[in-house]
2 protein chains.
Amino acid sequence: MSTSSSESVMVPTMANEDRHVDGRVKEEIKLLNATEDWFGGVTVVMSEHMEIADFVPRLRHSISKWKEQGKRGLWMELPINQSHLVDSVVKEGFRFHHAESDYVMLVRWLPEDEPDTLPTNASHRVGIGAFVLNGNNEVLVVMEKNGGFKGTEYWKMPTGVVDEGEDIYAAAVREVKEETGIDAEFVEILAFRQSHKSFFSKSDLFFVCMMRPLSSNITAQESEIAASKWMPIKEYVEQPYNKKHGQFQKVAEICRDRAAGAHVGFSAVPVSSASGKEVYLYCNNNKGSKL
Amino acid sequence: MSTSSSESVMVPTMANEDRHVDGRVKEEIKLLNATEDWFGGVTVVMSEHMEIADFVPRLRHSISKWKEQGKRGLWMELPINQSHLVDSVVKEGFRFHHAESDYVMLVRWLPEDEPDTLPTNASHRVGIGAFVLNGNNEVLVVMEKNGGFKGTEYWKMPTGVVDEGEDIYAAAVREVKEETGIDAEFVEILAFRQSHKSFFSKSDLFFVCMMRPLSSNITAQESEIAASKWMPIKEYVEQPYNKKHGQFQKVAEICRDRAAGAHVGFSAVPVSSASGKEVYLYCNNNKGSKL
């Protein structure tokens, strides 16, 4: 085999990753664009359109290169407008990892002799309930237009789902404002409840937040709230719905005890994480925070 | 147009959903098998193989029927071995909702004049750290073989991820047993930390659990744990790694204070949920649980 000098003629404009030792060029296939991570893995984000016929050989070629390089986790993010590629990625040994509205993430663990250490998917949705207590021992309550309490005549505390990337205490402030127009500040977490199979196979964490109101005039949200008012705490606790449902009764009693100064909650304490981010640690801060 | 009497000849063995008023039969298309939910939605689980050419007309026909019936959320669960259908479902107006290893769930909100009230996807992963304190004021600690603490010489508490459907207190018992061989029972939650963008766009909740050991002989897990031992609490708190990382220092101090009886945590109290499930409410139970 001679070392050909005609390379520049044989090589198309693409980079040649697979030049043979004799100078001949194998089939020209570009690697997929990938970024490396700290755990020996690579991530491909298919942000531009590619036809299946172009994509599959590039994916296969890339996988064989990544194997040679000792890569571990292979991540493939397919935006929803590239969903024509999902089946091809699955056929190359990937499984689903997670999905959001606008993309699906697939993953393949390459090492054959090492257990998979890929991060697990998110398992919990997080919600809050806001116990807003004013100086007259009255609780801020709402009656919902729709949802699970419809027809129960139950005056409940404002509740809502914590948004992606949102702190629990901030979600409580936001939901109170959205549902009732009341400005309030977070005091502490009084209790939380974990439940399973809340939606599909997923679980739910619900945090009861004690809040201090900073305003008093209620403007109920038109789309979701039928009515909202300040209700004496005794009346709130003694509602028939509470008596029938253990979880609601217990939470109402905790709120009543807290109003009487006889329950200890967890304050939000800012601390720096191992990676230097500011995060909140919720704990009894020994200061006995009082309204 | 005459009312034909030759129907029985024209009609194949399939049910005819779309007979014209004149008795002629439109193209025969079966509805997809779907189950109804309490919220006016329908769910299709594509558990059996179907070719795209058969699937698309049935999906379109089903959607038009569901529209007529006033259905709201349309859910389409595609097992990973049916991933050839993903693109067709997206092209009919569905978006991704979530995915697990072996399936992807897509959804389409049908009502045009109502805001989408579909449940959000899970946003948090949940982890635990186990503060196991024995009668000699010693803490159960481990040194990990791999992971973020590698090379730090940090003796840490056993930690782990809460499995799908697992209670927080149960995960703490399991992880202590797996990593160290120690049997322990859950006492209370001392603190928890929320952090964001822990993996992809997802958040993380980490619960520090106080545990009472029921055995003392350590058998460290070979695959993950380099070493494990009982360490005096003072020595545990004063490790250099803690001093450099605010979150770790604060958690170590909370553990020290709890060992001295000066910190109040949240016990696990079983209560019944609105739907009658037994769930755990974590709160200060006013009993002052002591070791």
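## Strand pairing in chain B

In this predicted model, strands E2 (residues 42-45) and E3 (residues 73-79) of chain B run parallel to each other and are joined by four bridges. Within this pair, B:Val44 lies opposite B:Met76 of E3(B). Strands here are DSSP runs of E with at least two residues, helices are runs of H or I with at least four, and both are numbered from the N terminus; two strands count as paired if DSSP finds at least two bridges between them.

Helix H2 (residues 52-68) of chain B packs on the sheet and touches E2, E3 and strand E5 (103-109) of chain B. The direction of H2 makes about 155° with that of E3(B), where axes are lines fitted to C-alpha atoms, for helices over the stretch in contact, and angles between N-to-C directions run from 0 to 180 degrees. Contact means heavy atoms within 4.5 Å.

## The whole sheet

The five strands of this open sheet in chain B follow the order E1-E2-E3-E5-E4, with mixed pairing. Strands E1 (35-36) and E4 (95-100) of chain B each have a single partner strand and stand at the edges, so one side of each lacks a neighbour in the sheet.

With 3% relative accessibility, B:His97 counts as buried (under 20% relative accessible area; exposed is over 50%, partly exposed in between; 1.4 Å probe, protein chains only). Its side chain makes a polar contact of 2.8 Å with the side chain of B:His98. Such a contact is a pair of N or O atoms within 3.5 Å; within protein, one must be able to donate a hydrogen and the other to accept it, and residues adjacent in sequence count only if both atoms are side-chain atoms.

Leaving aside residues up to four places away in sequence, B:His97 touches residues of both chains, including A:Ala99, A:Glu100, A:Phe200, B:Trp75 and B:Met105.

## Relation of the two chains

Chain B is superposed on chain A by a rotation of 180° with 0.0 Å of shift along its axis (RMSD 0.0 Å), using least squares on the C-alpha atoms of residues with pLDDT of at least 70 in both copies. This is the relation of a two-fold axis. Because 100% of the interface residues of chain B are also interface residues in chain A, the copies meet through the same surface.

## Chain A overall

Chain A contains seven helices and 13 strands, and 53% of its 291 residues are buried.

## Conventions

Residues are numbered from 1 along each chain as its sequence is written, chains are lettered from A and ligands numbered from 1 in the order in which they are written. Local features need pLDDT of at least 70, side-chain atom pairs count only at pLDDT 80 or more, totals for chains, interfaces and linings use all residues, and side-chain values use heavy atoms, with hydrogens and water left out.
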